[in-house]
Every structure is written in C-alpha cells, then in structure tokens.
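Please read them with the model open.

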Amino acid sequence: MSMVAEASVRHWTVAFRAVQEGHKLIALRNVDAAIFWTPPGTPPTTYRIGTGFGEVKAKFIQPGEFIPEGDD
C-alpha cells in the first residue's frame, strides 16, 4: 500500500513542477497518466521520456483529437 502512495506522490509532484515551469496541465489521471498542453514534440522537462526504469511514454496528439479515459 505504501508503494502506491509513494508513486502517487511522485506523480503529483512531477506534474506540479511541470506546471510551475509553465506547462498547462489538462488532466492528472492514474499514477501513470498526465496530460499536458505543450508545443508539438516538447514534453515537460520534469519527465524523462523513454521506456526504461523511471522513464515515461509520450504520446503527442493533434488539437481537437479525443483522448478516451484509459487510452492515454
């Protein structure tokens, strides 16, 4: 249970720092999902993009594209 709580706190903290840097947070979903409005191809610097440990996947969509819950 504490590992889930720690992951949630890390998730919220990283998203909060991205907002402090000027990014627009659209949605903060599950522990592994945050949606930001950024210029094309420029993720917040608070996130490490990749597929390794401690890295996150990035998915860039076009304005007006719908993101169903759980599909991000």
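This is a predicted model: local features need pLDDT of at least 70, side-chain atom pairs count only at pLDDT 80 or more; totals for chains, interfaces and linings use all residues.

The points below cover the core, a surface patch and one threonine.

1. The core. The largest nonpolar core has five residues: Val 14, Ala 15, Ala 18, Phe 36 and Tyr 47. Helix H1 gives the most to this core, with three residues. In soluble globular proteins, nonpolar side chains tend to be buried together.

2. Phe 36. Leaving out residues up to four places away in sequence, Phe 36 touches Ala 15, Ala 18, Val 19, His 23, Lys 24, Leu 25, Ile 26, Pro 44 and Tyr 47.

3. The surface patch. Which residues form a nonpolar patch on the surface? They are Val 9, Trp 12, Val 19, Leu 25 and Leu 28, with about 410 Å² of accessible area together. Helix H1 (2–20) and strand S1 (24–28) each give two or more residues to the patch. The largest share comes from H1, with three residues.

4. Leu 28. This patch residue lies in strand S1. Leu 28 counts as partly exposed because its relative accessibility is 35%, between the 20% and 50% cut-offs.

5. Thr 38. Thr 38 sits in the segment after strand S2 (34–37). Is Thr 38 buried or exposed? Thr 38 counts as buried, because its relative accessibility is 19% and the cut-off is under 20%. A polar atom of the Thr 38 side chain lies 3.1 Å from the backbone oxygen of Thr 42. Beyond neighbours within four places in sequence, Thr 38 is in contact with His 23 and Pro 44. Phe 36 also touches His 23 and Pro 44.

Note on methods:
Residues are numbered from 1 along each chain as its sequence is written. Side-chain values use heavy atoms; hydrogens and water are left out. Helices (H or I, at least four residues) and strands (E, at least two) are DSSP runs, numbered from the N terminus. Buried means under 20% relative accessible area, exposed over 50%, partly exposed in between (1.4 Å probe, protein chains only). A polar contact is a pair of N or O atoms within 3.5 Å; within protein, one must be able to donate a hydrogen and the other to accept it, and residues adjacent in sequence count only if both atoms are side-chain atoms. Contact means heavy atoms within 4.5 Å. Patches are made of residues with over 30% relative accessible area and no salt bridge: like charges are joined within 9 Å, nonpolar side chains (Val, Leu, Ile, Met, Phe, Trp, Tyr) within 5 Å. Accessible areas come from the Shrake-Rupley method with a 1.4 Å probe; for residues, only the protein chains shown count as cover. A salt bridge is a side-chain nitrogen of Lys or Arg within 4 Å of a carboxyl oxygen of Asp or Glu. A nonpolar core is a set of buried Ala, Val, Leu, Ile, Met, Phe, Trp, Tyr and Cys residues joined through side-chain atoms within 4.5 Å.
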